[in-house]
Amino acid sequence: MDVVTWSRIQFAMTAAYHWLFVPLTLGLALVMAVMETIYVVRKDEFWKKAARFWMKLFAVNFAVGIATGIILEFEFGTNWSNYSWFVGDMFGAPLAIEGILAFFMEATFFAVMFFGWDKVSKRFHLASTWLTGIGATISAYWILVANGWMQNPVGTTFNPDTVRSEMASVSAFWEVISNPVAVSKFCHSVTSGWVTGGIFVVGVSSWYLLKGRHRKFALSSIIVGGLVGLVGSGAVMLSGDSSGVHAAEFQPMKLAAAEGLRDGGRGAAFTIVPGIKVPKMLSILATHELDGYVPGINDIINGYTDNDGNVVPSVSEKIRMGRESLDALARYRSLKDTDPVAAAVATAEMEENVQYMGYGHLEKPEDVIPPVGVVFWAFRFMVGLGMLMALVLLLTLLFAWKDKLAGKRWLLWIAIICIPLVYICGQCGWIVAEVGRQPWTIQGLLPVNVAISSLSAGAVKTTFFVFLAVFALFLAIEIRIMLGAIRKGPEVEPENN
């Protein structure tokens, strides 16, 4: 495998590992904040001890998540230096804001939250707990602003003098941070974190019920975690709908791959699994119209007319125009200091097709097709597991509310099994989002084969296995610590067990 492939594998491994910690951080932050709020309002020590138990698990997860996130950001400079140069003006801004504002905010209030029990007032401590979760959520927003721009690059212009994509004004910055793709990804990612946190709390609490331990604590945690997870499930469905519409508008090839749709059309059917389809459902999901046009893979390759009557060129035509733009850029850079008139002509020719410049780096039209099978099945696992999570949360919540859950051992076991399944669900979502937009690092602007650093495949391969070993060690340590804390259980009074 070449350096591009190894760099993609390394980054995918680091990102996937990092995402093991982010959703649980977002979900547990909300669960423990709700519990502490109940404690402050009711002045019941039981809820304080319940919140402290989940806070302990939150802290372990939070610490390891920070370490993996730092490594992930460093890889942009080490493995993807051409990408970092091309988007440094845009991409660095939200990441800098995330570090200066959100990360320091959550780190500061985390210290008060974790170490400040009985050292500050109840209300100040409660505020610190909420602000820790809010800081983590804001942090996720700025990171997803950067990721959303990679999916739908808005608010920037190409500068031929620096060969960079730059923000030219304050209004461009606002266009970047209000990017509809970024907003929908933020809502989808954060609320999926609520589902993860809810499932984790319900699963751990179900284990206590199976063991006949901490019954009151377990049932109370299931009610709070179940409500958080169930609200998250509803929000995930709503944000998922907007994500589908945005994919149809900005990344039609991703949508076609997720559906395995070779030939599109009006009134397109949604494929549940091969051989089972729902008539017109894909058009409804993608366009909110019964007979909305949805292009398939072949339509995108050969060119088509969209729902607004705009003619979308074939990929071959985009490649041709992209190469013309690249040639004009090369002429401009060679002439700008010696022949200003000819340089101006070259600039005009470049700008005429600059939106297709990224296609000029492709070798053939079929390069724009992502791994269809991977994206197709990842999407179905994501949706199927997401529906299972919602059902399990609903059932456990109902039985816990009626105090009948302890006798439903089959449901308790399912809730425990759902803990690894909810992580698989989240990973599948990111596979759809990131593998689905291949070969692009930045949609339509920069393919992965151009974004890479000048490294040898052997160097990247070596660091891949080093990171794999370190990450495996981190994960083993975290799991051991968390399992130890779970076995020990919450520090509740015997009469509350």
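A polar contact is here a pair of N or O atoms within 3.5 Å, of which, within protein, one must be able to donate a hydrogen and the other to accept it. In this predicted model, the side chains of Asn159 and Glu166 are joined by such a contact, at 3.1 Å. Asn159 belongs to strand β1, which covers residues 157–159, and its side chain also reaches the backbone nitrogen of Asp161, at 2.9 Å. When residues up to four places away in sequence are not counted, Asn159 touches Arg164 and Glu166.

Across the whole structure, a search finds 34 aromatic pairs, and two of them are set out below.

| Ring pair | Distance of centres | Angle of planes | Class |
|---|---|---|---|
| Tyr17 and Phe21 | 5.0 Å | 70° | edge-to-face |
| Phe467 and Phe471 | 5.9 Å | 20° | stacked |

The pair of Phe467 and Phe471 counts as stacked because its planes, at 20°, fall under the 30 degrees that define this class. Both of these residues lie in helix α17 (residues 457–488), 4 residues apart, which is about one turn of the helix. Phe467 has 22% relative accessibility and therefore counts as partly exposed, whereas Phe471, at 2%, counts as buried. Tyr17 and Phe21, for their part, are both buried.

Finally, ring pairs also link Phe53, Trp54, Phe200, Trp207, Tyr208 and Phe217 into a cluster.

Terms used:
Residues are numbered from 1 along each chain as its sequence is written. This is a predicted model: local features need pLDDT of at least 70, side-chain atom pairs count only at pLDDT 80 or more; totals for chains, interfaces and linings use all residues. Side-chain values use heavy atoms; hydrogens and water are left out. Helices (H or I, at least four residues) and strands (E, at least two) are DSSP runs, numbered from the N terminus. Contact means heavy atoms within 4.5 Å. Rings of Phe, Tyr and Trp (its six-membered ring) pair if their centres lie within 6.5 Å; planes under 30 degrees apart count as stacked, over 60 as edge-to-face and the rest as tilted. Buried means under 20% relative accessible area, exposed over 50%, partly exposed in between (1.4 Å probe, protein chains only).
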